[in-house]
Amino acid sequence: EDSEYGDPEPATAPPEWAQSLVARARELVGMEVYPPSDDTFLLLEALEADLEFFRDLKPKICLEIGCGSGTVSAGLLKLLAKDGNAVPRLIAVDKNPAAVGCTQKVLASQSLLGYADCLRGSFTD
């Protein structure tokens, strides 16, 4: 079944740890931002699978180019913050101002906005 905006419903479910994050992001995307879907879930699963590697890196800054709904950025910060680990600074960039706004709202809904700079920008303009 399609969403109210005509986007197809995902074929798979998000990872269990990210279900409330994905649900909130899907509520916030509106018509101008691609909603979290199967590709988002795959990225979240990959981040979780490589979590030990990322924690060992102890990143100080993470950059997402094309942040869209902000689900992947928020998911990464949530994973890295687990068990009291340090949360890196996130820079989330998208050329779509609606996506930047959605990312800010998703991060705020997860109490993560204080760790992020959400910027409108393009590397081709």
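Trainee: In which helix does Ser-73 lie?

Mentor: This is a predicted model, in which local features need pLDDT of at least 70, side-chain atom pairs count only at pLDDT 80 or more, and totals for chains, interfaces and linings use all residues. Residues are numbered from 1 along each chain as its sequence is written, and side-chain values use heavy atoms, with hydrogens and water left out. Helices (H or I, at least four residues) and strands (E, at least two) are DSSP runs, numbered from the N terminus. On that basis, residues 71-81 form the helix that holds Ser-73, namely helix 4.

Trainee: Is Ser-73 buried or exposed?

Mentor: The classes rest on relative accessible area: buried is under 20%, exposed over 50%, and partly exposed in between, with a 1.4 Å probe and protein chains only. The relative accessible area of Ser-73 is 2%, so Ser-73 is buried.

Trainee: Which residues does Ser-73 touch, not counting residues up to four places away in sequence?

Mentor: Contact means heavy atoms within 4.5 Å. With that criterion, Ser-73 touches Glu-64, Cys-67, Leu-90, Ala-92 and Leu-107.

Trainee: What is the order of the strands in the open sheet?

Mentor: Two strands pair if DSSP finds at least two bridges between them. Five bridges join strand 1 to strand 2 (residues 89-94), and Ile-61 stands opposite Arg-89 in strand 2. The sheet has three strands with parallel pairing, in the order 1-2-3.

Trainee: Why is one side of strand 1 and of strand 3 left without a neighbour in the sheet?

Mentor: Strand 1 (61-65) and strand 3 (116-120) each have a single partner strand, so one side of each lacks a neighbour in the sheet. The reason is therefore their position at the edges.

Trainee: At about what angle does helix 4 run to strand 1?

Mentor: Axes are lines fitted to C-alpha atoms, for helices over the stretch in contact, and angles run from 0 to 180 degrees between N-to-C directions. Helix 4 lies across strand 1 and strand 2, and its angle to strand 1 is about 160°.

Trainee: Which residues of helix 1 are buried, and against which helices do they pack?

Mentor: In helix 1 (residues 19-28), the buried residues are Leu-21, Val-22 and Ala-25. They cover an arc of only 95° around the axis, which puts them on the same side of helix 1; the arc is that of the directions from the helix axis to the C-beta atoms. The face turned away from this buried side carries the exposed residues Ser-20 and Glu-27. The buried residues pack against helix 2 (38-49), helix 4 and helix 5 (97-109).

Trainee: How far apart in space are Ala-81 and Gly-101?

Mentor: Ala-81 is found in helix 4 and, at 26% relative accessibility, counts as partly exposed. Ala-81 and Gly-101 are 20 residues apart in sequence, and their C-alpha to C-alpha distance is 23 Å.
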